[in-house]
Amino acid sequence: MIVWIFLIIYLLLLRLLMGSLNTKYKQKLYLILSGIVIVLIMGFRYPKYNIVYDLEIYYNYYKNLSYLSWKEIFDYSRFEYGYAILNKLLVSIVPWPQFIIIFEAFICVYSMFRFIYKYSNNAFWGVLFYVTLGTMSFQLTAFRQAFAISICLYSIDYIKQHKILKFLVLVLIAATFHKTAIVFLPLYFIGQRKLNLKNNLISIICIVILISSANWITNFGNEILGMNYKSIYIGNEFGGIVPILIYIITIVLSWINLKNESDVISLNMTEMGLGIYAMRYTSIALERISFYYTPSIVISLPNVLNSFNDRKIQFIIKLCALILAILLFYHRLTYSEWADYKFFWQ
């Protein structure tokens, strides 16, 4: 746990030492200096947990590929072809199995920080929310989907440029790492919707429809993708309520304060993420699907924090957001197995 607490302290001290991040140069420098430390912490982890086996599975998969021919790698496991090819290419160059963990950390952090740099002027808050609100912790073990999400974040550029073919190509490439990446396709058509009463009402209706149709959507997705997600929910009924409240508050305050001034793609992503995330109460697996959209919270939530004109109110709200984000992260540390940090050489 000490390593993760150190990370939070480092992010805060770095922000204090750099002062106001009021230029793109300062924002880039903050992203680089914080990103290096986050990559090292994510990448230098010991690959074996007692309960969560995903990390060890990916570690051993990478190690074992060095003994297989190119023809054999596609029969070795159920992993998608894109992920298998990437691992075979990497292991042919760097046979050290810890490298796949370091490489995954670099790709995830780079893609997220590029996303923050391009679509936000709030580098500090973007990094803080990336670490504390769940995106980083998800990427610690869900390697294939993390790669897919990273590729999907790049495809957002082509939504803004109205280049549907390039967008489709990137999403389809992402699907070769994890089939579920195709859920990102609708963003091309809804990503740039304006914030107005009509579209806000449509969003509410669509979220209600998604939640009420979760069982049917789960079964349909299983048939299309050949997956085996269960249409059941096992867990505490209050589980996930904090992220849902964060998404709702962000969306509502955006509708009230930001109007059409914010980056609409990030807000539309947050709305989509909320709809899918709320479906977790029918099938907990759908929570994982929502993570294609919920990284947008690193853009949309800081936009909300900066939307208050009164400086005193803005300061109080930001202070509360800072404290609550850190407390939420600490709470996760109290029960998550990855919180018991070990370096790979220990």
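Predicted model: local features only at pLDDT ≥ 70, side-chain atom pairs only at ≥ 80, totals over all residues.
**Exercise 1.** Work out how helices α1 and α2 are oriented relative to each other.

*Solution.* Start with the two helices: α1 covers residues 2-18 and α2 covers residues 24-43. Next, take the geometry: their axes come within 11 Å and cross at roughly 165°. Angles over 145 degrees count as roughly antiparallel, so α1 and α2 are roughly antiparallel to each other. One more detail is that α1 passes α2 in a right-handed crossing.

**Exercise 2.** Find which residues make the contact between α1 and α2, and sort them by class.

*Solution.* On the α1 side, look for residues including Val3, Trp4, Phe6 and Leu7. On the α2 side, the contact residues include Leu29, Tyr30, Leu33 and Ser34. Now sort the whole set: you get 14 nonpolar, 1 polar and 2 charged residues.

**Exercise 3.** Describe the largest pocket and the second largest pocket by their space and their linings.

*Solution.* Take the largest pocket to begin with: it holds about 1100 Å³ of space. Among its 34 lining residues, Ser137, Glu287, Arg332, Tyr335 and Ser336 are the closest to its centre. Helix α14 gives the largest share of that lining, 5 residues. By class, the lining has 19 nonpolar, 9 polar and 6 charged residues.

Then move to the second largest pocket, with about 560 Å³ of space. Of its 18 lining residues, Arg15, Phe124, Trp125, Asn306 and Lys318 are the closest to the centre. Here α18 provides the largest share, 5 residues, and the lining divides into 9 nonpolar, 7 polar and 2 charged residues.

Methods
Residues numbered from 1 in each chain as written. Heavy atoms only, no water. Axes fitted to C-alpha atoms, helices over the stretch in contact; angles between N-to-C directions. Helix = DSSP H or I, 4+ residues; strand = E, 2+ residues; numbered from the N terminus. Parallel < 35°, antiparallel > 145°, perpendicular 65-115°, else oblique. Left-handed = near helix turned anticlockwise from the far one by under 90°. Contact = heavy atoms within 4.5 Å. Nonpolar A, V, L, I, M, F, W, Y, C, P; charged D, E, K, R; others polar. 1 Å grid on protein atoms, 1.4 Å probe; cavity = no way out; pocket = protein on both sides within 12 Å on 5 of 7 lines; lining within 4 Å. Points joined across faces, edges and corners; volume = space filled by probe spheres on them.
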